[in-house]
Amino acid sequence: MTEVKADKIVDARGAQCPGPLVELIRALKEVPVGAIVEVWTQEPRTKEDAKAWCQRSGHEFIGVFPAEGYERVLVRKAK
Amino acid sequence: MAKAKVVVLGGGVGGTFVANKLAKHTDKIEVTVVDATGVHHYQPGLLYVPFGWEQPERLRHDERKLLHPAVQLVRSPVELIDVDKRQLKFLHDGTLPYDYLVIATGSCPVPDEIPGLADGGYHFYTEPSALRLREALHNFKGGRIIVGIGGFPYKCPPAPIEFTLLLDDWLRQRKLRDKTEIVFVTPLPQVFSIPTVVPLIDELFSRKGIKVETFFNTESVDPEKRKVISLEGTELDYDLLVLIPPHRGSPVIDASGIGDKGGWVPTDKFTLQVKGHERLFAIGDATDLPVSKSGAAAHFEAPIVVHNLLQLIEGKEPAAHYDGSVMCFVEAGDGKATVLRFNYERPPQPPKPSVLWRWMKATMNRFYPMAIPRGIALDVMFATLQGKFAPSSPFCGSELMEKMRQSDLRDA
């Protein structure tokens, strides 16, 4: 799974909630359908919020991958 | 030795408070505030204008009268901050040199970022918009009112919640509540951005029959069909839409090339120096700090900016650190309010809403023009009024905040 390549990376490290989720949603607006957005976050809640948001909005939650001091949250724009 | 020229750009809460504190050091510095209009708006009061509970003219103050006599005031819009030449370029004509600059340019709601919002929706974040909403509200006879957050960031995060709760009160007073459905929309997974505050708001909204639509990222508004459409695919009909637009930093920040993509000034979260510009400080809404965009944050930042600026002038390292302190009173409806006190590390623990906190908020609104010119820290004023804590040092804001936060924990 770690080889999934993002089309757009958003560095939201240091941003508090809801910053990383807001940045993720903003980035998804700007990419074409099928593109993958990766957000870097240090907020533990981002992955749960992003997962719940994807369920609600119909986008694909790909997963969360640990990195050094932060997490990479990946989402594919589905529509 | 020539006095250092300190220019403060912007005459809002942060700029005015900083300038008045700096005025006590005019033996070594000259202080000038540059403001586009010279009219100081007490923005928290706009919350009450749509209900007819506050008059806009009472919220406008002559900036000259708020400033210490030793502070010079230039009323002129600025086009550009030229950081290389260390000068401000005025829109109409001329320049103003500085040795040190404090950027206090605030933030602006931008309805145009959501298609249809400017025509189809209302808000209360500026005087003209609050007056438009007042008219619409007073013509309202019942139906569905959608209130909410159109996008991030926006200033004074609790204000839409407060408006919703006051709206409930107002509709009850006018015997329209039974004919009105109130729906609160938010892009977030919960009703408010700070988790520790959510249970209180959930309880208040539930008790008052206010519905909540989470994960609602407004995509567009259709003013003809009176529909608001979310990115998630939800469409809601409305009779009246009160949606707080996302905000941007001041255009002068963009024009000067010193902001990020949102027009916010990258600022050291502790020293409040502008990153990469030693002689520049930023305060309040203008910054990219991870705290609320509010006068309360600017208020707590001001002593840090002043201290560090004076240190720098004396050739020392800026040693004072802002800890992210913010304190704000929040309307809870039914004539009550609560208080949020928090910092970078510690979230707020709002006490149960009470008439005491409502009285505190009303008192602050009333005494604001008297407190700011004298550089009276509102936290100190209220702590003293409460009789709970005696201020112990000029930098006691954070110390007091922590004591009061502990008190909130006991009262929660």
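Analyst: Leu272(B) is buried, because 27 other C-beta atoms lie within 10 Å and 20 or more is the cut-off. The model is predicted. Leu272(B) sits in the loop between α8 (251-256) and β19 (273-274) of chain B. Its phi is near 70°, a positive value in a residue other than glycine.

A second residue in chain B has a positive phi. For Asp334(B) the value is near 55°, and this residue is not glycine either. Asp334(B) also belongs to a loop, the one between β21 (326-333) and β22 (336-342) of chain B. The surroundings are another matter. Asp334(B) has 16 C-beta neighbours inside 10 Å, so Asp334(B) counts as partly exposed.

The backbone of chain B has another feature to check. The peptide bond from Phe152(B) to Pro153(B) is cis, with omega near -10°. Pro153(B) is in the loop between β11 (143-149) and α6 (159-173) of chain B.

Back to burial, now in a helix. Leu137(B) is part of helix α5 (residues 127-138) of chain B. Leu137(B) counts as buried because 21 C-beta neighbours fall inside 10 Å. Leu240(B) is 103 residues away along the chain, yet the two C-alpha atoms are separated by 8.1 Å.

Arg75(B) gives a contrasting pair. Arg75(B) is in strand β5 (residues 72-75) of chain B. It has 14 C-beta neighbours inside 10 Å, so Arg75(B) counts as partly exposed. Leaving out residues up to four places away in sequence, Arg75(B) touches Asp35(B), Thr37(B) and Gly38(B). Glu232(B) is 157 residues from Arg75(B) in sequence and 45 Å from it in space, C-alpha to C-alpha.

In soluble globular proteins, nonpolar side chains tend to be buried together. Here the largest nonpolar core holds 129 residues, and those touching the most other members are Leu24(A), Val18(B), Ile103(B) and Ile283(B). Helix α9 (residues 295-313) of chain B gives the most to this core, 10 residues.

Helix α1 (residues 13-22) of chain B packs with α9(B) at an angle of about 30°, their axes 8 Å apart. The two are therefore roughly parallel to each other. The crossing of α1(B) past α9(B) is right-handed. From α1(B), the contact includes Phe17(B), Val18(B) and Leu22(B); from α9(B), residues including Ala298(B), Ala302(B) and Val306(B) take part. By class, this contact has nine nonpolar, three polar and two charged residues.

Helix α1 (residues 19-30) of chain A and helix α2 (residues 46-57) of chain A pack at an angle of about 40°, with axes 9 Å apart. That makes α1(A) oblique to α2(A). The crossing is again right-handed. Pro20(A), Leu21(A) and Leu24(A) in α1(A) meet Thr46(A), Asp49(A), Ala50(A) and Trp53(A) in α2(A). Five of these residues are nonpolar, one is polar and one is charged. Leu24(A) also reaches beyond this pair of helices. With residues up to four places away in sequence left out, its contacts are Val10(A), Val37(A), Val39(A), Ala50(A), Val73(A) and Val75(A).

Last, the two chains together. Their contact takes 13 residues from chain A and 11 residues from chain B. The chain B side has seven nonpolar, three polar and one charged residues.

Terms used. Residues are numbered from 1 along each chain as its sequence is written. Chains are lettered from A and ligands numbered from 1 in the order in which they are written. This is a predicted model: local features need pLDDT of at least 70, side-chain atom pairs count only at pLDDT 80 or more; totals for chains, interfaces and linings use all residues. Axes are lines fitted to C-alpha atoms, for helices over the stretch in contact, and angles run from 0 to 180 degrees between N-to-C directions. Helices (H or I, at least four residues) and strands (E, at least two) are DSSP runs, numbered from the N terminus. Angles under 35 degrees count as roughly parallel, over 145 as roughly antiparallel, 65 to 115 as roughly perpendicular and the rest as oblique. A crossing is left-handed if the near helix is turned anticlockwise from the far one by less than a right angle, and right-handed if clockwise. Two residues are in contact if their C-beta atoms, placed from the backbone, lie within 7 Å. Ala, Val, Leu, Ile, Met, Phe, Trp, Tyr, Cys and Pro count as nonpolar, Asp, Glu, Lys and Arg as charged, and the others, Gly among them, as polar. A nonpolar core is a set of buried Ala, Val, Leu, Ile, Met, Phe, Trp, Tyr and Cys residues joined through C-beta atoms within 7 Å. A residue is buried if 20 or more other C-beta atoms lie within 10 Å of its own, exposed if 12 or fewer, and partly exposed in between; C-beta atoms are placed from the backbone.
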